[in-house]
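This report goes through selected local features of one protein chain. Please keep the sequence and the model open while reading.

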Amino acid sequence: MTAYRLTRAEFIRGLGATAALALSPGVLSARAPARPIAGRADWQLGPFSRVAAEPVIKPDPAAVFDCPMRKAPINWMAAHTFNPASIVRDGKMIVLFRAEDRPNEKVIGFHTSRLGYAYSDDGQHFAYRSTPVLYPDEDDQKTAEWDGGCEDPRLCEGPDGTYYVTYTQWNHAKVRLGIASSRDLIHWQKHGSAFAGTRYEQLMTKSAAIIQKIDGGRMKAAKINGRYWMVFGEGVIHMATSTDLIHWSPIVDAHGEPMVLMAPRPGHFDSGLPEVGPPPLVTEKGIVMLYNGKNSEAESARDPDIGPGAYSGGQALLDLRDPARLLARTTKPFIKPELPWEKSGQYKAGTTFLEGLTYFDGKFYLYYGTADTYVGLAIASAPSWAVDARSDLARSSAAI
């Protein structure tokens, strides 16, 4: 490998070029365009309210881990703890969060990331394991993960109680979408690329979330039309399907390329790029998808009400009978960086970067990363149309 290092900023610029291509004539999906929503729609989740004036998970310089790659103890969560996934197990809220070492490293994306494990009885006050649970190791994934690490997880429970995590594999040269499985959320088996065995195995992409439903009081993978469905991508958002939650195949357009579900919109909060957020949720009104939007840094293209480069959260509605069809999309964010620790940190433009959405204690708990530094939490009531959607899902699945 040469000495050249691809910075995360350079990678983002490349995604911007990809997004521009996605907006070119002949590249957009042939499906009907989504309906823009200016006000609050009846299918949206929320409103969400922040529950604390401080982050719920913060860095801990005292946490030490014997790194199998460096062959030495390292302060694995000394720099930043952010971008969390969430799930309920045995009545407790479990959060897997991205932790970065080397606090003196000032280039975003050039720490080593590992996934930590936090747990809580109430979803607000957390303790954590002293060592990470998913990290670069002397295994068959080390060339994809070292020494950038394992980043930005999303969690899902399968029908037999197995847990799955999608995450970004980053080796400081290329990103790839990885997947792993576990029976306890602590011991993980890595399966490599989510697209292994397809022409997209080495696709340079990141951020993925599996569509879920509420079943037995918990969010679990939803099987629609005989398949599981996953949204993925940063810059543009795509869709993939699977029969086993491990091996995924992108849905392609007429040109054989991953179909574009969602692309940037000039003048909006996602004018820079859209990026997958937490798991989309099957409801009686359709599949509600919370997602992240980066505001453009260009004066002529960005939303003037949001800081240039800031990440905010939006909502979209997918068709329950055809999840690859985008029905509607909000024009304004429902959450954006406002608190001091959401607007200051490693990422100076600020983020409320959504990754964890979990049904817990009759409410929706939304966990998000702030400024690539901390974890925040917002909570909303869970309406009956979002909780009692199983019969509608069954009718849709049986129809095809």
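Where does Asn171 lie? Asn171 is in the loop between strand E10 (163-170) and strand E11 (175-182).

## Basis of the values

The model is predicted, so local features need pLDDT of at least 70 and side-chain atom pairs count only at pLDDT 80 or more, while totals for chains, interfaces and linings use all residues. Residues are numbered from 1 along each chain as its sequence is written, and side-chain values use heavy atoms, with hydrogens and water left out.

Helices (H or I, at least four residues) and strands (E, at least two) are DSSP runs, numbered from the N terminus.

Asn171 is buried, with a relative accessible area of 14%. Here buried means under 20% relative accessible area, exposed means over 50%, and partly exposed is in between (1.4 Å probe, protein chains only). Not counting residues up to four places away in sequence, Asn171 touches Thr143, Ala144, Glu145, Trp146, Asp147 and Gly148; contact means heavy atoms within 4.5 Å. Thr143 is 28 residues from Asn171 along the chain, and their C-alpha atoms are separated by 6.9 Å.

## Asp270 and its partners

Asp270 lies in the loop between strand E19 (249-250) and strand E20 (273-276). Its relative accessibility is 0%, so Asp270 counts as buried. Which side chains does Asp270 meet in polar contacts? Tyr291 is one of them, at 2.7 Å, and Arg329 is another, at 2.9 Å.

## An open antiparallel sheet

An open sheet of 4 strands runs in the order E2-E27-E26-E25, with antiparallel pairing. Strand E2 (49-50) and strand E25 (353-360) are the edge strands, each pairing on one side only. Two strands pair if DSSP finds at least two bridges between them. Strand E26 (residues 363-370) and strand E27 (residues 374-381) run antiparallel and are joined by 8 bridges. Within E27, Gly376 stands opposite Tyr368.

## Aromatic pairs and a charge over a ring

The structure holds 12 aromatic pairs. Rings of Phe, Tyr and Trp (its six-membered ring) pair if their centres lie within 6.5 Å; planes under 30 degrees apart count as stacked, over 60 as edge-to-face and the rest as tilted. Phe48 and Phe334 form a tilted pair, 5.6 Å centre to centre with 40° between the planes. This pair links distant parts of the chain, 286 residues apart: Phe48 is in the loop between strand E1 (35-37) and E2, and Phe334 is in the loop between strand E24 (326-330) and helix H3 (340-343). Phe48 is buried at 14% relative accessible area, whereas Phe334 is partly exposed at 24%.

Tyr311, Tyr347 and Phe353 form one aromatic cluster. Lys285 lies over the face of Trp385, at 5.4 Å from the ring centre. A charge sits over a ring if NZ of Lys or CZ of Arg is within 6 Å of the ring centre and within 35 degrees of the ring normal.

Conventions. Polar contact = N/O pair within 3.5 Å; in protein donor to acceptor, adjacent residues only side chain to side chain.
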